[in-house]
Amino acid sequence: MSNLITQNEIVSDDWTLVTLPKVDQEVRKQAGKVVLFKLTGENTISAEQIANTQIPATGKILVPLSVYLARKSELATRIAKQEVGIWLATHEVLESLPNAEPDLNIFPLIAVYVERFADGRIFSIGNLLRTRYGFNHTLRAFGDVLRDQLFFLKRSGFDSYLIRADRSAQEALQSLKDFSQPYQGAVDDKQPVWRRLNRSQNNVA
Amino acid sequence: MYKYDEIDQQLVDERVAQYRDQVRRYIAKELSEDEFRPLRLQNGLYIQRHAPMLRIAVPYGMLSSRQLHKLADIATKYDRGYGHFSTRQNLQLNWPKLEDTPDILAELATVEMHAIQTSGNCIRNITTDQFVGVAPDEIIDPRAMAEVIRQWSTFHPEFALLPRKFKIAVSGTKQDRAVVQMHDIGMEFYRDTENKVAIKVWVGGGLGRTPILGTVIREHLEWQHALTYCEAVIRVYNLHGRRDNAYKARIKILVKALGIDEFSKQVEAEWLHLKDSPNTITEAELARVAQHFEAFDYATLPAHDSSFDAAIASSAAFNAWTKRSVHPHKISGYRAVTLSLKPHGKAPGDATSEQMHVVADLAAEYSFGELRVSHEQNLILADVKLSDLFAVWEKARAYGLATPNIGLLTDIICCPGGDFCSLANAKSIPIAQAIQMQFDNLDYLHDIGELELNISGCMNACGHHHVGHIGILGVDKDGSEWYQVSIGGKQGNDASLATVIGRAFSAEEMPGVVQKLIEVYLKERSDEERFIDTVRRIGIAPFKAHVYATTESKNEAAHV
């Protein structure tokens, strides 16, 4: 069964995730600990990986940002057919996408990969895609996506969530409704609660 | 103080339901240890040495009598009959059971309380001056803004999982008592040249492993923009703060790495997009919140009270207490009172359920039903009539709440340390107790005068040792507990970080070491000079020489 939630429903996933070929990489260590999060903006993808990435010939494809930036011309006809989505990881430089493609709405889907639950950069990235770069098609979170992020993801502009394979998407749907009236304005509802509702009538004794 | 409307109440009720389900999933093993950790931490639940620890939020330190009664009842019902007031103005329970924590939160919700964001990598409790609203030197009462910021930061979706914890403090006085310079964001409210409320914003302060005082990022911010400006600062931090190393993840490290000019440039660029967005605070919203903090219905009283003057004259003990525990008030005939949670020989900041009930009753009877928690870990009755002080003192004294040591050496700021905390390298409570016993002579204590002694059990610095006039840090050396001593730290407008005097000491040596520091001070001080002033004037060398000369010669003697 599908583990994909889009627009508050479990739906089947008709996108094929395109990934970069794995390379043997030295594990970087810092202060005796394995680095779990790549430093911001660190370029860890080689030209060789990008060139060797296998792009399926047909169907809807979710292409890594780096591959898209380098091989954009081969994808032009498929973009016109609405067959190309873009995915990026939280440590990648988001601005490189709008810099290369001022109209992000040529993509029916943008997906953000979060390696670990605790990585809250995904929320700022979602917010920027919606509010700064005007993306208004499907925005998906995938990776270490569990139900307790969903409310925050939704408020940060996401409307699609691929729940980690070992968890139930059905149960996760519950968490989209965790809070009925959040305080602050965010992407899904830009008005803070005091502009959304009339709070002044709740008088002080 | 702020009272919930249906919106506030619904939010905490929904939080209880959400958290209850998270605990259920954890117990049912649907959530792993690692997955549950960030969830429980955002609700103030730590897994500690002996049991979980639950940190309950006391927003900007304000409590009602009703709330304190409830906290006392919870401590009795779910814990061992006491709680610990922390340097974040919060209350910590040391012995709750994990499976009881949803019920504890449900009980807290009935008195408009919660444990939301008291831990974890998110925006924490907003803190301020314990004399907010009553201090004679106050220019702006920042509580309404603190509440607006509290609401905005509660479940802020973009900042739910930051690189590290994030602390905001607000202050509106000439004399800073909220230590705004040691917060991730510090906001000082003032009136600008046009007599409008403005904010001076500091960023990147913090203690912990790398103590740094904050830097001014903006001299003048109109109050309407407080939230959007914070969004700009925290967005830059969320995207670019380090996530590879927890010890380098605070915003202070990012600010130092980029330099304040570059950091500020990035914040301003972000803010251009956010300024005037719907989170911009309106006059109407501020007014709605501010009506909860309007001045009480104070009586018109003369500046002097004859019964008070008579009590001072007849009781030396009462007189001594008023000198330390009674503070000026902006209204004639009223005073603020500090109830000491630092009786000699007890864990600093601890209060029993009985004491909490007593304080709640005192607040109800003498102080408009409200009280405050100070970051120095004492309780404050902010609005007591001069003529009621003697009655307050008698009752407080009967329950061990009137030790006349506020602001003195034994008013020690102290973290729970190795007795409770699994992060600690060393115990801190027994050190505090030993020092308190060493200086148990009140006359001597008063002669030494104002002195802040802060103890942390590890470099996370919950006991704020870096800004203590004397700071003590527990360190681990080859598996045993040692204590590093520093002097010359200070909070306030002229804040400074303390300097380490030399090699660490064993627990047994510590009271003697403090004694030696005091001896140097008493010998060197000039009239009216406090310990910190003497340290600043003569430097640490004479202190160092005296402390180590004696211990070295003793060691030599032992080798003879």
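Across the interface of chain A and chain B, the rule finds 8 salt bridges, a salt bridge being a side-chain nitrogen of Lys or Arg within 4 Å of a carboxyl oxygen of Asp or Glu. One of them joins A:Arg164 to B:Glu35, with the closest N and O atoms 2.6 Å apart. The model is predicted, so local features need pLDDT of at least 70 and side-chain atom pairs count only at pLDDT 80 or more, while totals for chains, interfaces and linings use all residues. Residues are numbered from 1 along each chain as its sequence is written, chains are lettered from A in the order in which they are written, and side-chain values use heavy atoms, with hydrogens and water left out.

The contact (heavy atoms within 4.5 Å) draws 47 residues from chain A and 51 residues from chain B. Together the two chains bury about 4,400 Å², 54% of it on carbon and sulfur atoms; buried area is the accessible area (1.4 Å probe) that two parts lose on being put together, summed over both.

Chain A also holds an open sheet of 8 strands, in the order β2-β1-β10-β9-β8-β7-β6-β3, with mixed pairing. Strands here are DSSP runs (E, at least two residues), as helices are (H or I, at least four), numbered from the N terminus, and two strands pair if DSSP finds at least two bridges between them. Because β2 (9-11) and β3 (15-17) of chain A stand at the edges with a single partner strand each, one side of each is left without a neighbour in the sheet. Strand β1 (residues 4-6) of chain A pairs with β2(A) in the antiparallel sense over 3 bridges, and A:Ile5 has A:Ile10 in β2(A) as its bridge partner.
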